[in-house]
Amino acid sequence: MKEIDDIFHLDDLQPEPQRGALLIAKPTVDDTCFSRAAIITINHSKRGSMGLIINKPSGLTLNEAIDGLLTDEDIPLYLGGPVNTELLFYIHTLGDIITDANPIGNGMFVGGSYDAMKRYINSGAPVNGKVKFMLGYSGWAASQLNAEIGMHDWAVSYDVDSALVLSNRHEDIWQQLVTRLGERYKMWKNWPFDLSMN
């Protein structure tokens, strides 16, 4: 495996993740939930870490999950992670509109007033590219995320673009983030989903 590691640069050292960083699953991660996942971290401390997957659609829309939305726009719901999948989270660029939202950097916020968000949607204001909704979150106990990074499961990036994070072109996000890591990592995109098929 060491020869493969050298070719694919899977064991490169990674920076310490902080709030607002992106975690990019290395192509060797084959967990159903996290395979080719892209996660924005919303908290990272000695007590643990929390993030939201931004590129795994649930197959549901916000309109199906919430009563009283006065919009014809089908707003996709994503799977933020395997923990508490009945909870709704949202990241957005509406910090001046959605009260009590918490900044996560690069002009993005997480959470805030549910009523203000509902009013925003019902006003007919644009949602696509402004807000992304997720069910559940990804969580790590103290030191667990650092251990996974040490085991070469995640690349950590601070090249964070809100347009890409909030994009509904979910199938492109992982590929684009790998491209942003640089030429050194381009072979990650050719890693087969199923090694037994090779």
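Colleague: What percentage of the 198 residues in the protein chain is buried?

Modeller: Please note at the outset that this is a predicted model. A residue counts as buried when its relative accessible area is under 20%. In the protein chain, buried residues account for 45% of the 198 residues.

Colleague: Which residues touch the most other members of the largest nonpolar core?

Modeller: In soluble globular proteins, nonpolar side chains tend to be buried together. Here the largest nonpolar core holds 42 residues, and those that touch the most other members are Ile40, Leu52, Ile54, Ile91, Trp154, Val165 and Trp188. Another core, of 17 residues, lies apart from it and includes Ile75, Leu77, Tyr120 and Val131.

Colleague: With which residues is Ile54 in contact, leaving aside its neighbours within four places in sequence?

Modeller: Its partners include Leu22, Ala38, Tyr78, Lys132, Met134 and Ile173. Ile40, Ile91 and Val165 are also in contact with Ile54.

Colleague: How many helices and strands does the protein chain have?

Modeller: The secondary structure comprises 6 helices and 10 strands. Of the contacts between residues at least 6 apart in sequence, 61% join residues at least 24 apart.

Colleague: Why does the radius of gyration of the protein chain agree with that of a compact globule?

Modeller: A compact globule of 198 residues would have a radius of gyration near 16 Å, and the protein chain has 17 Å, so the two agree. The C-alpha trace spans about 55 × 40 × 30 Å along its principal axes.

How values were computed. Residues are numbered from 1 along each chain as its sequence is written. This is a predicted model: local features need pLDDT of at least 70, side-chain atom pairs count only at pLDDT 80 or more; totals for chains, interfaces and linings use all residues. Side-chain values use heavy atoms; hydrogens and water are left out. Helices (H or I, at least four residues) and strands (E, at least two) are DSSP runs, numbered from the N terminus. The radius of gyration is taken over C-alpha atoms; the globule rule is 2.2 Å times the number of residues to the power 0.38. Buried means under 20% relative accessible area, exposed over 50%, partly exposed in between (1.4 Å probe, protein chains only). Contact means heavy atoms within 4.5 Å. A nonpolar core is a set of buried Ala, Val, Leu, Ile, Met, Phe, Trp, Tyr and Cys residues joined through side-chain atoms within 4.5 Å.
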